[in-house]
Amino acid sequence: MAKIKLPATPSNPLSSPKRPGKKYGPSGVMGHAGEAGVTAVDWIDERTSLSGGLRWAMFRKVPKGTNWFYTLGSATMFAFLSQAVTGVFLAMYYDPSATRAYESIQYINNDVFLGEFVHGMHRWGSSVMVILIFLHMGRTFFFGAYKYPRELNWVIGVALLVMTMTMSFSGYLLPFDQRSYWATIVGVNINGTGPLVGPYLSEFLRAGPYFGATTLSRFYAIHMLMVPGAIAALMGFHLYLVAKLGTTAPPWIKAKPPEELREEKVTVDP
Amino acid sequence: MNKEQKEQYLRDYGTLKSQGKPFFPYAVAKDSAMAIVVMAVIIAMSIVLGAELGPKADPTSTTYTPRPEWYFFFLFELLRVIKPPALVPLATIGVPTICLILLFLLPFYDRGPERRPERRPIATTAGIFVVCAIGYLTYLGAAAGPPTQIDIPVPANVSSQGPEAVANFEAGSQVVAQSGCAACHKFGENGNSGPGPSLTKIGARLPAQAIQRTLLNPSAPMPSFSALSEESPTQFAQMVGFLAALK
Amino acid sequence: MADRKEPKSKYTVDRKTPGAFEGETVTRRRAMVVAGQAAGGVAAAAFVLPALGFAMGPIFEKQYQPWQPVGKVDEFNDESYVPRTITLVEGIGDAGKSTVYIRKYNPQLDTEPRDEYNDYIAISTLCMHLGCPVRFTAAAQRFICPCHGGVYDIVGKVTGGPPVRPLDRFYTRLEKGSVLVGPRFSVNSELRRFSPRDPGEPLDGVGQYLYPSRPSMRKIPGT
């Protein structure tokens, strides 16, 4: 039986095999510390294989001619993220009860450090998000970007628009000032004018025949759990489809086949 | 789009895409720059405009004039312009639902292969029309004051008669506003158009005596103001004077 | 349609399914698929249905509406309205209150038959278009809504704008010289009483069937 020669034990147990193109691998404690980031990412990637998807999403090509109009979608998403983060922090101080809601917002505005600033960001962020989503939709419409093969993404986008409007509607009851209260009364009654189911729908929204003790917490749950969850999920699907189908090119850009494939340049062997 | 057009599109798009640049870092750089602009706008609005809180919700109020957030003004105005009670469900549920369905199904009824806005005249015109309509309704909704407010500037022929005439005109404007005339009549930018006629230029059409007669003995459904003329004749005279001065 | 296949037999043996039993109609694979889907459906229903019922419970809960005193008999007259604040929902402070306009029954104005509940007329201040707060303007003898242009005359009937029915009312009765205000009810354009509806829900013609009354609030039976 032939003996297999074992490789020699490395003199320094901390030295690793050298990287391609480098003479030596990292060695010593400092060398390994420098590689810590790569090692951690490798460790995660070995167990999740996420790098493939990430590479697919990040290094896909964007057609030429892409201009600033194409940033409106990601800007809307960014406004949503800003709303989500400021909203979570507002929830730390807000109290969704009919007797305490207004006072808790007053407390946020007057006493909490940066309270009015964060509240203001959330309040005006909603306007900015609504404007951006409309601009994004206008761009998609006028550039004909909803056509084949992106029909489904348009439908998801309209659903996101409806949900964004639902967010603004359910959100402005929460400060519980005069405008909040009456706008909500009117909004709920608008739902009630649907024949047959309308009266039950408005009663479901109010949790009873009148604005009552649990109406605010109901709107609070809709505003901060139900609709944002659905928005996040649909936004993920919207983005997946964008990455899969590719962003559109501006409609007036004509596709020219690459130079070397033009008919007059291709020589055919006799 | 038929099968051939679909394949043509995919081929052209593939060519354009292959000549493009990678999403990271080129598009990401643009998106990030835009994100910074968005955040700067939000932060600036928050600092400049603050987070003002109105008076606490008061369901017992009978003087508050409810108005929605600005981006619902077009829906609000839609409810104001659709007057007949029988059409209320149409204004509240019908029109918005139909518009939403049309919006959802857009890619399924607009199936043409053309994408350039100038070669899609119907779609582009419809789009611009919708944008203008929403913009106009938003403007009207924003301008709609409560029916207890009339801001008509003092006309030149009144201000030339001296400060007493101006004071009378303004007092009359107050009386008219508080009497709720604007609930049924239009006064310049204020008030509702109907069921009563516009009173913006009533003084040019009717002399003061005729106005007074109408106020005392109106035709239904307008109420009579004879009680006001008996209880406080000065206020009634100011009311008539104000209306007669609207030319 | 010439080469249309013969209809398949329902027995797996006739269909030549491998491993078929005599008299078997559902393959074991198919039985597993159905069982798997059914089990998943039952598991999902087990949390969805209770949660939905939990959220929709208030629709079927009867709202308690007490009679509450609003003042002595001599505080009200039969020519103009006196505003009073009543509590609709208890335990939430001012948010559960509302304003009603109260006036004595006036045979010259009121056409509906008198009974024990309308010695005093109590009119709700919610506009029957979409629920904005209306205000009684004495000079014009009109209820005026600040939102979408609704106008009502002195008995609460619509004289202009989009409201779909007259202003809602409350039952009133007398007790030891005090006026008590009770549950709310809605009226159609002839001032006939109906179980309370929300604003924007017409009661004339087929309206009362298109917008049914709800279990949470009913009018007093027989009125």
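Chain B splits into domain 1 (22-52), domain 2 (66-144) and domain 3 (156-244), with bounds from an automatic or database domain assignment. The C-alpha centres of its domain 1 and domain 2 lie 29 Å apart. A quick word on the ground rules: this is a predicted model, where local features need pLDDT of at least 70, side-chain atom pairs count only at pLDDT 80 or more, and totals for chains, interfaces and linings use all residues. Residues are numbered from 1 along each chain as its sequence is written, while chains are lettered from A and ligands numbered from 1 in the order in which they are written.

Now chain C, please. We have domain 1 (7-61) and domain 2 (68-203) there, and 56 Å separate their centres, taken over C-alpha atoms.

So, how do the chains meet? Contact here has two residues' C-beta atoms, placed from the backbone, within 7 Å. Helices are DSSP runs of H or I with at least four residues, strands are E runs of at least two, and both are numbered from the N terminus.

There is also a strand link: strand 1 of chain A and strand 1 (residues 21-22) of chain B pair in the antiparallel sense over 2 bridges, and pairing requires that DSSP finds at least two. Within that, V62(A) has K21(B) as its bridge partner.

Last one, friends: 24 residues of chain A are in contact with 26 residues of chain C. Helix 8 (178-192) and helix 9 (198-206) of chain A each supply at least two residues on the chain A side.
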